[in-house]
Amino acid sequence: MAEQQLSARPRARSVIRRSAGGVTQISDFQPKRYTIIGDHLTQNRDLSLTAIGLGAHIQSLPDGAAVDIRTLAGKFQEGRDRIAAALRELEECGYIKRIRERTPEGRIVTRTLSYNVPGATGTRHAAEPVTPVTEPVAERPAPPAPERVVRPPAATPPPPSSDAAPTPPQPLPQPTAPTPQRHHTAAALLAELCRDDARLLFAERDVRRLAPGVAAWLERGAAPEAVRRTLIASLPPDLRHPAALVAHRLTALLPPPLPAAKPRSHPAPVVPLQNCDGCDRAFRAVLPGRCRDCREAEQYPARGAA
């Protein structure tokens with residue numbers, strides 16, 4: 001049995017000095033309750049600080065912990081909108097994946113897979129198939145095998161050709177004559193979509209990318225309210241990529257350009273009604289006077305007497 005070295009010096013803190021200014025890392029030994037998180041998460045410039053902190057918190061949780069929006073909003077000071085936006089960022093970057101499943105009781109639940117490395121294909125949560133084991137019984141003879149009808153295997157379709165190139169996504173429509181006022185209206189319309197549905201809270205970079213598509217609709221005569229109704233109509237319950245859905249609708253449902261306005265023909269002037277000075281009947285004339293019958297009676301008095 002080895003003797004205990006009572007005179008051994010305790011583990012000292014290691015101080016890593018970076019520079020005269022900036023941050024100085026002071027690291028201490030942690031025997032338990034720590035989580036290894038990659039710099040690709042903590043220094044990811046495509047994620048907001050809220051998403052980075054939420055991603056680190058989710059990776060530190062044990063299996064089975066609740067990570068829904070209501071539970072996270074009850075733990076932290078951020079509201080549901082910011083937490084929902086941060087979860088979408090983590091899902092778009094591949095740090096989490098949300099799967100909707102039906103329980104044996106018939107309820108729909110959401111299972112969240114957390115990846116410490118984006119794009120990892122671990123089998124930690126994969127369900128292993130169960131193979132039943134049957135013990136042979138020596139006392140009973142095996143029954144005769146029933147006759148089976150041998151059917152030819154179904155013809156399998158040939159694999160797709162590797163030469164076929166994947167169909168690229170259609171580019172967003174662009175206005176032919178962009179104006180600052182129309183671009184500002186388009187950006188404000190996209191930023192206010194979250195008031196109709198909290199899932200449509202876009203990052204600033206998504207607003208800048210989608211604004212030209214909305215401006216193209218406005219240039220073609222679509223009213224802002226009509227564009228808003230088209231973008232929020234019949235949203236799927238499991239909406240995962242709202243920016244991609246809005247981009248698809250702006251491209252696929254683009255209205256045609258308005259036809260050129262035809263010059264309006266000026267209608268013929270309406271001749272006003274006048275009261276005859278002789279018989280007081282109404283007739284149409286530019287100037288007041290006598291009607292045609294009274295004028296003829298003055299010219300031909302014998303005809304009027306007859």
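In what follows, Ala, Val, Leu, Ile, Met, Phe, Trp, Tyr, Cys and Pro count as nonpolar, Asp, Glu, Lys and Arg as charged, and the others, Gly among them, as polar. This is a predicted model, in which local features need pLDDT of at least 70, side-chain atom pairs count only at pLDDT 80 or more, and totals for chains, interfaces and linings use all residues. Residues are numbered from 1 along each chain as its sequence is written, and side-chain values use heavy atoms, with hydrogens and water left out.

The mean pLDDT (the predictor's confidence in each residue, from 0 to 100) is 79 for the protein, with 75% of its residues at 70 or more. Over residues 123-140 the pLDDT is below 50, and this stretch has 4 contacts (heavy atoms within 4.5 Å) beyond near neighbours in sequence.

Helices (H or I, at least four residues) and strands (E, at least two) are DSSP runs, numbered from the N terminus. Thr50, Ala51, Leu54, Gly55 and Ile58 in helix 2 meet Arg82, Ile83, Ala86, Leu87, Glu89 and Leu90 in helix 4. By class, this contact of helix 2 with helix 4 has 7 nonpolar, 2 polar and 2 charged residues.

Turning to the second largest pocket, its lining comprises 8 nonpolar, 2 polar and 11 charged residues. A pocket is, on a 1 Å grid over the protein atoms alone, an open set of points where a 1.4 Å probe fits, with protein on both sides within 12 Å along at least five of seven lines, and lining residues have an atom within 4 Å of a point. Of the 21 lining residues, Ile69, Leu87, Arg98, Arg100 and Thr110 lie nearest the centre of the second largest pocket. Helix 4 gives the largest share of this lining, 6 residues.
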